[in-house]
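Here is a friendly walk through one structure, from its sheet to its helix pairs and its ligand. Have the viewer open as you read.

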Amino acid sequence: RPKQDPPATSSSSPAPATEQKKPLVLITMGSDSDLPVLKAGLDILREFGVPYALDITSAHRTPRYMMRVADEAAGRGIKVIIAAAGGAAHLPGMLSSETPLPVIGVPVKATHLDGIDSLLSIVQMPRGVPTATVGINNSTNAALLAIRILGSFMPEYQDKMRKYQGEMEEQVIVKGNKLRE
Ligand code: RP5
């Protein structure tokens with residue numbers, strides 16, 4: 001193994017509160033240049049109080065580390081993986097090929113092809129290796145989908161999701177009322 005590979009359980013420091021508990025969601029990306037796109041999703045996970053871990057696992061630059069992270073994720077207690085990548089975005093699909101966990105891919109707009117390349121790279125998986133795919137740069141929906149998956153067996157998160165949906169509905173109704181005034 002290359003000496004520069006970090007341990008698969010590494011997390012950034014200092015860690016926000018939601019990173020200090022045992023992580024339920026792993027958010028990983030092909031490059032630190034993807035991090036700004038993930039900010040909105042990280043905000044959602046913090047808002048819902050979901051413990052998460054962050055990592056960089058490039059399918060092309062650190063393929064052995066990426067496969068190790070995928071292989072060990074379920075054993076670490078991770079329930080859902082969110083993977084962001086741009087261009088030839090093989091990361092979400094490769095993680096999905098190595099883990100039994102649900103993987104949500106975030107196509108990142110990173111090249112002159114405006115994210116269409118990333119979207120098509122992630123969404124067109126072969127039968128047998130499902131990889132959920134959200135819209136280009138839409139880490140918000142990736143986080144919300146991860147929380148819905150957690151909510152299917154953790155009532156706490158389902159309750160929070162219902163509240164979130166109720167507040168969203170209310171906000172739209174209030175805006176509509178203002179327009180009709
Ligand atoms: C992909 O290539 C990454 O996910 C990123 O979106 C893109 C560009 O990476 P950098 O050259 O900025 O490291 O693998």
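## Ground rules

Two residues are counted as in contact if their C-beta atoms, placed from the backbone, lie within 7 Å. Please keep in mind that this is a predicted model.

## Helices α3 and α4

On the α3 side, Met66, Met67, Ala70 and Asp71 meet Leu91, Met94, Leu95 and Glu98 of α4. Sorted by class, the contact of α3 with α4 holds six nonpolar and two charged residues, with no polar ones.

How do the axes of α3 and α4 cross? Helix α3 spans residues 63-73, and its axis comes within 8 Å of that of α4, crossing at roughly 50 degrees. That angle makes α3 oblique to α4, and the crossing is right-handed.

## The sheet

Strands of a sheet pair through backbone hydrogen bonds, either parallel or antiparallel. Here, five strands form an open sheet with parallel pairing, in the order β2-β1-β3-β4-β5. The edges are taken by β2 (52-56) and β5 (132-133); each has a single partner strand, so one side of each is left without a neighbour in the sheet.

Within the sheet, β3 (residues 80-86) and β4 (residues 103-108) pair in the parallel sense over six bridges. To find one of them in the viewer, pick Ala84, whose bridge partner in β4 is Val106. Helix α2 (residues 35-47) packs on this sheet, where α2 touches β1 (25-29), β2, β3 and β4. The direction of α2 makes about 170 degrees with that of β1. Helix α4 (residues 91-98) also packs on the sheet, touching β3 and β4, and the direction of α4 makes about 150 degrees with that of β3.

## Helix α6 and its partners

Two packed helices are described by the angle between their axes and the distance between the axes. For α2 and α6, the angle is about 30 degrees and the axes are 7 Å apart. This crossing is right-handed. Helix α2 contributes Val37, Leu38, Ala40, Gly41, Ile44 and Leu45 to the contact, while α6 brings Ser139, Thr140, Ala142, Ala143 and Leu144. By class, the contact of α2 with α6 has eight nonpolar and three polar residues, and no charged ones.

Helix α6 (residues 139-151) also packs with α7 (residues 155-180): their axes come within 7 Å and cross at roughly 135 degrees. The two helices are therefore oblique to each other, and the crossing of α6 and α7 is left-handed. Ile147, Arg148, Leu150 and Gly151 of α6 make the contact with Tyr157, Gln158 and Met161 of α7. This contact of α6 with α7 comprises four nonpolar, two polar and one charged residues.

## Around the ligand

Which residues surround the ligand? They are Met29, Gly30, Ser31, Ser33, Asp34, Ser58, Ala85, Gly86, Gly87, Val108 and Ala110. How does this shell divide by class? It has six polar residues, four nonpolar and one charged.

Definitions and conventions. Residues are numbered from 1 along each chain as its sequence is written. This is a predicted model: local features need pLDDT of at least 70, side-chain atom pairs count only at pLDDT 80 or more; totals for chains, interfaces and linings use all residues. A residue is near a molecule or strand if its C-beta atom, placed from the backbone, lies within 6 Å of it. Ala, Val, Leu, Ile, Met, Phe, Trp, Tyr, Cys and Pro count as nonpolar, Asp, Glu, Lys and Arg as charged, and the others, Gly among them, as polar. Axes are lines fitted to C-alpha atoms, for helices over the stretch in contact, and angles run from 0 to 180 degrees between N-to-C directions. Helices (H or I, at least four residues) and strands (E, at least two) are DSSP runs, numbered from the N terminus. Angles under 35 degrees count as roughly parallel, over 145 as roughly antiparallel, 65 to 115 as roughly perpendicular and the rest as oblique. A crossing is left-handed if the near helix is turned anticlockwise from the far one by less than a right angle, and right-handed if clockwise. Two strands pair if DSSP finds at least two bridges between them.
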